[in-house]
Amino acid sequence: MLLAIDCGNTNTVFSIWDGEKFLCTLRTSTHHARTADAYFTWFSTLINHYGIELDITDVIISTTVPRVVFNLRVFADRFFGCRPVVVGKPECALPHEPRVDIGTAVGPDRLVNTAGAYDRHGGDLIVVDFGTATTFDVVAKDGAYIGGVIAPGVNLSLEALHMAAAALPHVDISKPQSVIGTNTVACMQSGVFWGYVGLVREISARIKEERARPMKVIATGGLAPLFDQTADLFDAFEEDLTMHGLVVIHDYNKEHGPA
């Protein structure tokens with residue numbers, strides 16, 4: 001039984017994989033000061049609620065917040081008696097090594113998304129992840145991450161509008177009824193929603209033009225379902241892509257990784 005942990009800038013997700021399927025997925029806010037004991041108290045309470053019999057033998061972690069790694073390592077060692085595999089660390093082998101500029105540290109989330117997307121869809125992909133940032137990961141024909149694009153996230157853009165302009169309220173993102181808004185909230189929602197639709201279309205088109213080959217566009221992340229409503233924007237939507245990528249990398253390390 002594998003515990004896969006994805007720690008992003010905003011949320012941390014725990015998923016339990018029994019070798020065939022995910023038994024449950026739990027979500028909490030990311031906080032670098034959360035101790036191993038606090039993780040376990042929260043985790044065990046929810047596991048009891050779901051009635052799952054735990055037999056965790058392995059833990060794999062992907063995080064864009066380096067300060068949480070120590071406490072997550074202690075959590076895995078103290079409560080499950082195992083040393084976790086941490087994506088991006090030297091001891092974690094990857095199915096395909098990234099091909100980027102020398103000295104560039106590729107975000108673990110991008111490596112995980114690449115592994116998961118390639119396993120499900122093959123190569124020549126653009127993976128669009130709607131997280132704190134909106135990222136575009138370019139996956140080569142052989143499955144290697146070869147670069148990408150980073151843009152401000154949808155909610156980050158809305159928050160910036162609210163913080164920088166005193167007259168603009170805080171609003172939730174949703175698909176507007178029409179492009180032309182007839183009130184302030186509708187205007188903001190339209191600008192952000194259709195602005196990001198245009199951003200995804202334009203960047204994806206330019207990546208395809210630069211690569212000079214057909215490429216599938218795969219969407220993932222919390223707000224991806226909202227934008228998946230727009231016809232022809234994506235070729236596929238993968239709700240659990242990051243967790244699937246963690247399973248793929250864990251399995252690869254079991255077979256090929258360092259002892």
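**Ground rules.** I number residues from 1 along each chain as its sequence is written, and side-chain values use heavy atoms, with hydrogens and water left out. Because the model is predicted, local features need pLDDT of at least 70 and side-chain atom pairs count only at pLDDT 80 or more, while totals for chains, interfaces and linings use all residues.

**Entry 1: the open sheet.** I looked up the strand order and found five strands in an open sheet, S3-S2-S1-S4-S5, with mixed pairing. Strands S3 (22–29) and S5 (85–86) stand at the edges with a single partner strand each, so one side of each has no neighbour in the sheet. Strands here are DSSP runs of E with at least two residues, helices are runs of H or I with at least four, and both are numbered from the N terminus. Two strands pair if DSSP finds at least two bridges between them. I then checked S1 (residues 2–7) against S4 (residues 58–63): they pair in the parallel sense over six bridges. Cys 7 stands opposite Thr 63 in S4.

Entry 2: I followed S6 into S7 and noted a hairpin with two residues between the strands. The two run antiparallel, joined by six bridges, and Phe 130 has Thr 134 in S7 as its bridge partner. S7 (residues 133–139) has six of its seven residues buried, where buried means under 20% relative accessible area, exposed over 50%, and partly exposed in between (1.4 Å probe, protein chains only). S7 is also joined to S8 (residues 145–152) by six bridges, again antiparallel. Phe 136 is bridged to Val 149 in S8. Five residues lie between S7 and S8 in this hairpin, and Gly 143 in the turn has a positive phi of about 95°.

Entry 3: Which side of the cut-offs does Asp 124 fall on, buried or exposed? Asp 124 counts as buried, at 15% relative accessibility. Its phi is near 55°, positive in a residue other than glycine, and Asp 124 sits in the loop between H3 (108–121) and S6 (125–130). Ala 212 also has a phi near 55°. I found Ala 212 in the loop between H5 and S9 (216–221), and at 66% relative accessibility Ala 212 counts as exposed.

**Entry 4: Trp 194.** I located Trp 194 in helix H5 (residues 184–211). Trp 194 is partly exposed, with a relative accessible area of 30%.
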